[in-house]
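Please open the structure in your viewer and keep the selection tool at hand.

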Amino acid sequence: MLKTTLQIVVLLFCVILVSAADFYKVLDISRSADDATIKKAYRKLSRKYHPDKNKEPEAETKFVEIARAYEVLSDPEKRKIYDRHGEEGVQQHERGQGGGGANPFDLFQNFFGRRQPQTRRGPTTTSDFEVTLENIYNGADIDFMINKHILCDHCRGTGAASDSHIHTCSVCDGSGVQITHQQLFPGMVVQGQTTCSKCGGKGKIIAKACPHCQGQKVMPHTQHYTLEVPRGAPEGHQVVFEAEGDENPDWEPGDVIISIRTRKRLGGWRRKETSLYWTENLSVEEALLGFERNITHIGGHTIVLKRDAVTQPGFVQTIKGEGMPVFQGTGYGDLFIEYNVILPAQLPVDLRKDMDMPCENL
Ligand SMILES: [Zn+2]
Ligand SMILES: [Zn+2]
């Protein structure tokens, strides 16, 4: 208990220390951001910096900062004061109200705890994304785009030209259902319920549709993202873009999940977990007499292949530590070179002479 109290004291102290930061910058949003954007930014950042998940030393300070920014910007009154008088103004207002500065952990709990059971979520989509083996070996940031629907920024998802164009349905009085009376035979009337035919069960009538989305509430949108391919990512490794699915006024967007796949190429480098495979072709002479040659590794450096002895077709040479990097670990797997001996289409003349020689001696 004492520990918790101490922690809160330290956290509150942090709030005071970090109060100079611009709340809009903290949440990485513009000054004109709407409520949905503020929520989304908080959802994303608070999860990223929650001290239970993020062990970096500055994560806790950042988490507190994010909570404070959200607390102020998500409250229309405090936001207005903040925009005009800065954080000092907000603190003065809070002192007048006898409080302020919510516990960042309670805020987080409330945000995620209360929201989930009652909010419907849109579908989660999973897509394969092909990258090169070089991308996986080195790690890469790859830009890509998703075509999706976002809430219309004119009507904010209501579908109406303005709020004054949203009327309560006069037929069902906003309930969305109509009571019907059906006479089965004289003296016997049954009462039933049907979806309101005028408003389609919504309880509201839009007198004038939004001119931007034609009343569709959402608009097509192309959004840019960066896929971080971690070094040594396993085949099918999933990267989750939280709540980046289609937006809709009736639900919270689902996640977009990207599954990393290696682009298939004929020949060349192959990979299985941390092992890397390469096939090298040798001439008959090289297979018999030995050879030395260089190949360029997918990591960009040169590997020297060298043998003095006879190399049998299908012989596999192991080169330690030249395989794929270990995912989320240190070190590398091994590289396996398989030798393939290419026989000539015709026996070279000098070789034929050598082989013919014993016959002539007979
Ligand atoms: Zn609209
Ligand atoms: Zn109605």
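A residue is called buried under 20% relative accessible area, exposed over 50% and partly exposed in between, using a 1.4 Å probe and protein chains only. This is a predicted model, in which local features need pLDDT of at least 70 and side-chain atom pairs count only at pLDDT 80 or more, while totals for chains, interfaces and linings use all residues. Residues are numbered from 1 along each chain as its sequence is written, chains are lettered from A and ligands numbered from 1 in the order in which they are written, and side-chain values use heavy atoms, with hydrogens and water left out.

**First stop: Gly174**

Select Gly174, which lies in the loop between β3 and β4. Strands are DSSP runs (E, at least two residues), and helices are such runs too (H or I, at least four residues), numbered from the N terminus. Gly174 has a relative accessibility of 34% and therefore counts as partly exposed. Beyond its neighbours within four places in sequence, Gly174 is in contact (heavy atoms within 4.5 Å) with Thr168, Cys169 and Gly203.

**Second stop: the zinc ion (ligand 2)**

Which residues coordinate the zinc ion (ligand 2)? They are Cys169, Cys172, Cys196 and Cys199, each through its SG atom, at 2.2 to 2.3 Å. Donors are N, O and S atoms within 2.8 Å of the metal (3.2 Å for Na, K and Ca); water is not among the atoms, so sites may look incomplete. The angles between the 4 donor atoms run from 101 to 119°, which makes the arrangement tetrahedral, a term for four donors with all angles between 85 and 135 degrees. Cys172, in the loop between β3 (166–168) and β4 (177–185), and Cys199, in the loop between β5 (188–195) and β6 (204–206), are 27 residues apart. Both Cys172 and Cys199 are buried.

Now select the zinc ion (ligand 1), which is coordinated by the SG atoms of Cys152, Cys155, Cys210 and Cys213 at 2.3 to 2.4 Å. Along the chain, these donors follow the spacing C-x2-C-x54-C-x2-C. Cys155 lies in the loop between β2 (140–151) and β3, and Cys210 in the loop between β6 and β7 (218–229), so that this pair links distant parts of the chain, 55 residues apart. Cys155 is buried at a relative accessible area of 7%, and Cys210 is buried at 1%.

**Last stop: Gln317**

Finally, select Gln317, which stands opposite Ile337 in β15.

Methods:
Four donors count as tetrahedral if all angles lie between 85 and 135 degrees; four count as square planar and six as octahedral if opposite donors are over 155 degrees apart and all others between 65 and 115; anything else is irregular. Two strands pair if DSSP finds at least two bridges between them.
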